[in-house]
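Subject: Structure handover

Hello,

Here is the structure I promised to pass on. Please open it first, then read my notes below.

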Amino acid sequence: MEDDARVWWNAWAEQFQEAYGGGEIEVGIDWGPGAPKDDDMGLLGDLEGKKAIELGCGGAQFGIAVSERGADVTGVDISAAQLSYARKHADERDQDIRFVESSVTDMPMIPDETYDLAFSAFAFQWVEDLQACFEEAYRVLKPDGKLVFSVDHPFYKIVDPETQTFKQSYFDMSPRRQYSEAFDAEMVIHRRNIGETVRLLLETGFHLEGVHEPGYDTPDDYVSEFGSFDPDLMATVPPTVIYSGRKR
């Protein structure tokens with residue numbers, strides 16, 4: 001499955017970084033559709049002088065924003081193509097960020113207890129073995145270090161945007177698959193309900209600090225940056241869920 005993710009992102013990187021959403025993705029702290037920008041939720045805290053690692057960094061737009069706020073950032077991604085954009089973006093913003101090509105489930109090049117903060121935005125749904133991902137995050141965090149990550153909300157993709165009725169069971173955690181002939185690759189999104197994600201965090205040893213479902217009940221309050229997110233549906237079902245936990 002990791003090979004599926006690597007192949008997909010290497011094939012999709014150019015379109016995603018340069019065309020998806022109508023233009024280049026902006027540098028900034030962005031947890032996902034419907035979530036306030038620029039850490040208005042206060043999930044990252046004071047970043048000055050902190051050591052931080054972005055797990056599944058993609059083009060590093062989030063990581064660069066964290067670096068610009070004073071953190072020493074490492075970005076990890078499975079895709080060489082995505083990392084080429086990350087290095088380009090970091091150079092353009094004059095940010096000294098270390099980038100590592102690796103799965104987030106196995107990072108032997110990262111020493112134990114190195115980071116104050118691990119963070120990720122809309123990447124962990126591509127990870128088949130989420131338990132291994134959490135265990136690696138726990139390992140590389142210092143004692144009392146924090147993990148904050150967002151994924152697509154498990155409700156959002158199972159609701160029909162036209163009828164706003166469920167297309168499938170919330171308890172069906174089979175992956176969502178879509179093959180692209182243009183890329184000759186398959187997109188595989190792993191679905192997990194909130195209870196399952198919380199269980200894995202707790203079993204890893206994290207103290208759960210919060211589960212956040214940001215959003216508004218008025219469609220006009222949303223800007224649909226990506227084609228698969230509909231403001232009317234977003235006002236009914238949150239498209240993003242954010243988890244925060246701390247290493248005991």
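L117 stands opposite K146 in β5. Six bridges join β4 (residues 115-121) to β5 (residues 141-152), and the two strands run parallel. Strands pair if DSSP finds at least two bridges between them. Helices (H or I, at least four residues) and strands (E, at least two) are DSSP runs, numbered from the N terminus.

A word on the source: this is a predicted model, where local features need pLDDT of at least 70, side-chain atom pairs count only at pLDDT 80 or more, and totals for chains, interfaces and linings use all residues. Residues are numbered from 1 along each chain as its sequence is written, and side-chain values use heavy atoms, with hydrogens and water left out.

Now the whole sheet. It is open, has seven strands and mixed pairing, and its order is β3-β2-β1-β4-β5-β9-β8. β3 (98-101) and β8 (206-212) stand at the edges with a single partner strand each, so one side of each has no neighbour in the sheet. From one strand to the next, the twist averages 15 degrees.

Next, a residue in a loop. N193 sits between β7 (185-189) and α5 (194-204). N193 counts as buried because its relative accessibility is 12% (buried means under 20% relative accessible area, with a 1.4 Å probe and protein chains only). Beyond its neighbours within four places in sequence, N193 is in contact with P154, Y170, F171 and M173 (contact means heavy atoms within 4.5 Å).

Best wishes

Terms used. Buried < 20%, exposed > 50% of the residue type's maximum accessible area, 1.4 Å probe, protein only. Axes fitted to C-alpha atoms, helices over the stretch in contact; angles between N-to-C directions.
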